[in-house]
Amino acid sequence: MDQQLQVLIDLQALDTKIAALEAELARLPGQIEAVQAAVAQARDGVQTLKGRLDQNKKDTRAKEKDLEVCQVKRQKSEARLYEVKTNKEYSAVLAEIEEIKQEKAKMEEEILALMEIQEQLAVEIRDAEVSLKTREAQGQQEEAQTRARLAAVEVEVTGLRGERQSLSRELPKDLLADYEKLLKNRGGLAVAQVLPVDVDGGGICAGCRMTLTPQRLQEVKQQSALLNCESCGRFLYWLP
Ligand SMILES: [Zn+2]
């Protein structure tokens, strides 16, 4: 095989690897952020529940004060029963006491309902704290793994870039420039294999899927010179 073609094939293999690793390098920080965001969300969830519990406790205390006020009102009304002079007044005070009783019963019910919610919230907080702990531990592990991968990829990509640099010195400047231009304009693939088409013995460019002319296919199979796809311009090679 043409020596330059072999270098181009090897260079393409390196560039494909480098591109994949660079894509991973670009993706990994986002993964770390997503892990951190999930932990933060779990933490916010616990805080929200705790906030609701605090509010509930405040509401309960307020209702308990109202209940005390109600109790005093009732005692006063009951004391007045001994002071009234007429039956009419007596009935009026009795009605008032009845009204206070109902008010008190309603308050007691409300306090009970609040306390039930408190118990429920306490359970929810316990559960949320348990899953937060798990999430935090998982998050730390995932983050450490991702950071380790990030460091490993950086080392690998640095090594490959070094390899690429020394390999690229084996090509004439013009050819390297053509290759790099193709790489940039053709989605990271500058050197394409010609794939055989079994039906008719023809071949297609693996880069653009266009069928090669029989003449070009013959030339590519001989691999004695550098040839480009007539459709996409990529360097072509044939694997016997
Ligand atoms: Zn092509």
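## A buried cysteine

Cys 205 is buried, with 23 other C-beta atoms within 10 Å; a residue is called buried if 20 or more other C-beta atoms, placed from the backbone, lie within 10 Å of its own. This is a predicted model, in which local features need pLDDT of at least 70, side-chain atom pairs count only at pLDDT 80 or more, and totals for chains, interfaces and linings use all residues. Residues are numbered from 1 along each chain as its sequence is written.

Cys 205 belongs to strand S2 (residues 202–205). Leaving aside residues up to four places away in sequence, Cys 205 touches Ala 192, Val 194, Met 210, Leu 212, Cys 229, Ser 231, Cys 232, Arg 234 and Leu 236; a contact requires C-beta atoms, placed from the backbone, within 7 Å. Leu 236 is 31 residues from Cys 205 in sequence, yet their C-alpha atoms are 7.3 Å apart.

## The sheet

S2 is part of an open sheet of 3 strands, ordered S2-S1-S3 with mixed pairing. S2 and strand S3 (235–237) each have a single partner strand and stand at the edges, so one side of each is left without a neighbour in the sheet. Strands count as paired if DSSP finds at least two bridges between them.

Strand S1 (residues 191–197) pairs with S2 in the antiparallel sense over 4 bridges. In S2, Ile 204 is the bridge partner of Leu 195.

Helix H2 (residues 87–168) has 82 residues and reaches 114 Å from its first C-alpha to its last, close to the 122 Å expected at 1.5 Å a residue; the expected span is 1.5 Å times one less than the number of residues. The buried residues of H2 are Ala 128, Leu 132 and Gly 139, and their cover includes helix H1 (3–80).

## Overall architecture

The protein has 4 helices and 3 strands, where helices (H or I, at least four residues) and strands (E, at least two) are DSSP runs numbered from the N terminus. The radius of gyration, taken over C-alpha atoms, is 40 Å, well over the 18 Å that the globule rule gives for 240 residues, so the protein is more spread out than a compact globule. That rule is 2.2 Å times the number of residues to the power 0.38. Along its principal axes, the C-alpha trace spans about 130 × 40 × 30 Å. Of the 240 residues, 11% count as buried.

An automatic or database assignment sets the domain bounds, giving domain 1 (17–171) and domain 2 (174–237). Their C-alpha centres lie 61 Å apart.

Note on methods:
Buried ≥ 20, exposed ≤ 12 C-beta atoms within 10 Å, placed from the backbone. Contact = placed C-beta atoms within 7 Å.
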